[in-house]
Amino acid sequence: YPSDQPFPSVEKDLLRMILECAGREHVLGVMSYDEPWWRNLFEPSKKLYRRVKEIDPSLPVFMVHGPLPAVSLETGTERPVTPEEVRYYFDEVKKYEPYADIHGFDIYPIPAEIAKMTTPYRKGAVVLDHRDAVADYLKWLRANMGGKPYFIVLQAFGLDDVHDKWLGQSTKGVRKPTMTELKEMVETAKSEGSSYIMWWGQSFLQEDDLWFWKDILEVSKTL
């Protein structure tokens, strides 16, 4: 659904047509706008949720939120985020709870020295272990999103596949997650009760990344 334009009528809504064509049993759900707080999409998120329920109340809406960087670059220089900024961000994310049935975070924490991610429980400090990053975000969802199911989106790429720079640092030559790290992220997500585990970023992989794609496929067999 376009976030900045009127929706089509229900009769002309593409979702309704897909459900009629494919059958409800073949549609898992609808993904809402990506990382909506970062894109100021609170009202469009409400509107999307209500439209989906108007078409089929049984169809779940998924919403993925962005993690919080441990540093801010808004003044042009890097500074650590404050505990107050951490609290503010996650309080803002909580406001989206009514407008999805299943909430998640996309977590791309490898390597930690480039990703520079914090979590709801680190008071702005960089989380150094990818397992802690995955665990903290899932624990927060379990505690703060109304008892709803929750999910995680994991890193299926290297930061240099997507960005020339990340939080002000060059990503040239930055390594991809190892097979062990992929397995550990999945195992942590499973142990923390994630209802769904998804990968993101594989579309950026090139022909010489076949080895990494095979690692992802191998780890996916455990899901």
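Which residues of H7 are buried? Before we get there, a word on what you are looking at. This is a predicted model, in which local features need pLDDT of at least 70 and side-chain atom pairs count only at pLDDT 80 or more, while totals for chains, interfaces and linings use all residues. Residues are numbered from 1 along each chain as its sequence is written, and side-chain values use heavy atoms, with hydrogens and water left out.

Now to the helix. In H7, the buried residues are Glu181, Leu182, Glu184, Met185, Val186, Thr188 and Ala189; buried means under 20% relative accessible area, exposed over 50%, and partly exposed in between, with a 1.4 Å probe and protein chains only. Helices (H or I, at least four residues) and strands (E, at least two) are DSSP runs, numbered from the N terminus. An α-helix has 3.6 residues a turn, so residues three or four places apart point the same way. The cover over the buried residues of H7 includes helix H5 (130-144), S8, strand S11 (196-200) and helix H8 (210-220). After H7 comes glycine 193, with a positive phi near 85°.

S8 leads us on to the strands. S8 (residues 150-155) pairs with S6 in the parallel sense over 5 bridges, where pairing requires that DSSP finds at least two bridges between two strands. Here phenylalanine 105 stands opposite isoleucine 152 in S8. S6 also pairs with strand S2 (residues 61-65), again in the parallel sense, over 4 bridges, and glycine 104 in S6 is the bridge partner of valine 64. How enclosed is S6? Because 6 of its 6 residues are buried, S6 is largely enclosed by the rest of the structure. Both of its faces are covered, with Ile102, Gly104 and Asp106 buried on one side and His103, Phe105 and Ile107 on the other.

Phe105 also belongs to a cluster linked by ring pairs, together with Trp37, Trp38, Tyr88, Tyr89, Phe90, Tyr137 and Trp140. Rings of Phe, Tyr and Trp (its six-membered ring) pair if their centres lie within 6.5 Å; planes under 30 degrees apart count as stacked, over 60 as edge-to-face and the rest as tilted. The whole structure holds 21 aromatic pairs. One of them joins tyrosine 49 and tyrosine 99 edge-to-face, 6.4 Å centre to centre with 75° between the planes. Tyrosine 49 lies in helix H2 (residues 42-55) and tyrosine 99 in the loop between helix H3 (83-94) and strand S6 (102-107), so this pair ties together parts that are 50 residues apart in sequence. Tyrosine 49 is buried at a relative accessible area of 15%, and tyrosine 99 is buried at 16%. Another edge-to-face pair is formed by tyrosine 89 and phenylalanine 90, at 5.0 Å centre to centre and 75° between the planes. Tyrosine 89 is buried, at 2%, as is phenylalanine 90, at 4%.

Finally, step back to the whole chain. Its secondary structure comes to 8 helices and 11 strands. Buried residues make up 49% of the 223 residues.

Technical notes
Contact = heavy atoms within 4.5 Å.
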